[in-house]
Amino acid sequence: MRIPARFNGPPGSGNGGWCAGLFATAAGARIGGPPVQVTLRVPPPLDTALLLDGGSVRAGDVLVAEVTEAGDTGVPVPPVPLAEATAAARDYPGFVTHPFPGCFVCGPDRAPGDGLRIFPGPLPGDRTAAPWTVPDDVTAETMWAALDCPGGWTAIGTAGRPFVLGRITATVAALPAPGAGCVVAGALAGVNGRKATVDSSVYGPDGRHLAQARATWLALVQ
């Protein structure tokens, strides 16, 4: 496996959600299948040969990630109407201050058609929501990526400091059609020290629940 540079999160490393989706798919995860859990041990390196050995993803001797079938996907975040998600996205905190403005998923510096441009804005109850226009090349990895940052921004918004993905358990029921107008919603489940537990859901234009995740995010030491 290789993580193309396009799918970055922080500079020089992969977006956690997209990479987790890549690792899960390589380990046998399938659309409509059971949840898969991916734990990131180091920032996933870009454009580097990676080997899946059992449930371990390695770059040479370095353990990058571990993949298992068990895991808690949390509870679906309540659906948010498209108009409400669109209004929330106008107040996306990342437009003002963003720790990684080139992020494939939520980076405002990414051009349309390059990044996913999911801009999760705040809602009451430690929630976020954003509209999402599905790209033409949508895959399972894309869905894992879409589940990533909207949950993480609930932690960033509450704690006021940068977080990165540490672990994510996800399941994808179905892929939306290219060009579909979806809504991605996130919710904060709890914070314990440097760890934040978050939930996220993707809903299709017809309101169908397409994907679900529970993730652990880790606050960066400053």
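**Before you start.** The model is predicted, so local features need pLDDT of at least 70 and side-chain atom pairs count only at pLDDT 80 or more, while totals for chains, interfaces and linings use all residues. Residues are numbered from 1 along each chain as its sequence is written, and side-chain values use heavy atoms, with hydrogens and water left out.

**The whole chain.** Show the chain as a cartoon and you will find 3 helices and 10 strands, which are DSSP runs numbered from the N terminus (helices are H or I with at least four residues, strands are E with at least two). Followed from the N terminus, the elements run α-β-β-β-β-α-β-β-α-β-β-β-β. The radius of gyration, taken over C-alpha atoms, is 16 Å, close to the 17 Å that the globule rule gives for 222 residues, so the chain is as compact as a globular protein of that length; the globule rule is 2.2 Å times the number of residues to the power 0.38. The C-alpha trace spans about 45 × 40 × 35 Å along its principal axes, and buried residues make up 50% of the 222 residues, where buried means under 20% relative accessible area, exposed over 50% and partly exposed in between, with a 1.4 Å probe and protein chains only.

**The core.** Next, select Ile 3, Phe 23, Val 38, Trp 132, Trp 144 and Val 202, which have the most contacts inside the largest nonpolar core, a set of 59 residues. A nonpolar core is a set of buried Ala, Val, Leu, Ile, Met, Phe, Trp, Tyr and Cys residues joined through side-chain atoms within 4.5 Å. Helix α3 (residues 140–159) gives the most to this core, with 9 residues. Now centre on Trp 144: leaving out residues up to four places away in sequence, Trp 144 touches residues including Gly 17, Val 36, Ile 168 and Val 172, a contact being heavy atoms within 4.5 Å.

**The cavity.** Stay at Trp 144, and select Ala 29, Arg 30, Ile 31 and Val 172 as well, for these five lie nearest the centre of the largest cavity, which is lined by 14 residues. On a 1 Å grid over the protein atoms alone, a cavity is a set of points where a 1.4 Å probe fits but cannot get out, a pocket is an open set with protein on both sides within 12 Å along at least five of seven lines, and lining residues have an atom within 4 Å of a point. The largest cavity holds about 90 Å³ of space.

**The largest pocket.** Move to Leu 40, Phe 163, Val 164, Leu 165 and Gly 166, the closest to the centre of the largest pocket among the 31 residues that line it. About 540 Å³ of space lies in this pocket, and strand β7 supplies the largest share of its lining, with 5 residues.

**The second largest pocket.** Select Ala 27, Gly 28, Ala 29, Val 36 and Glu 69, which lie nearest the centre of the second largest pocket, lined by 13 residues. This second largest pocket has about 150 Å³ of space.

**A last stop.** Finally, select Ser 56, which lies in strand β3 (residues 56–59). Is Ser 56 buried or exposed? Ser 56 is buried, with a relative accessible area of 17%, and, leaving aside neighbours within four places in sequence, Ser 56 is in contact with Leu 51, Leu 63 and Ala 65.

How values were computed:
Grid points are joined across faces, edges and corners, and a volume is the space filled by probe spheres set on the points.
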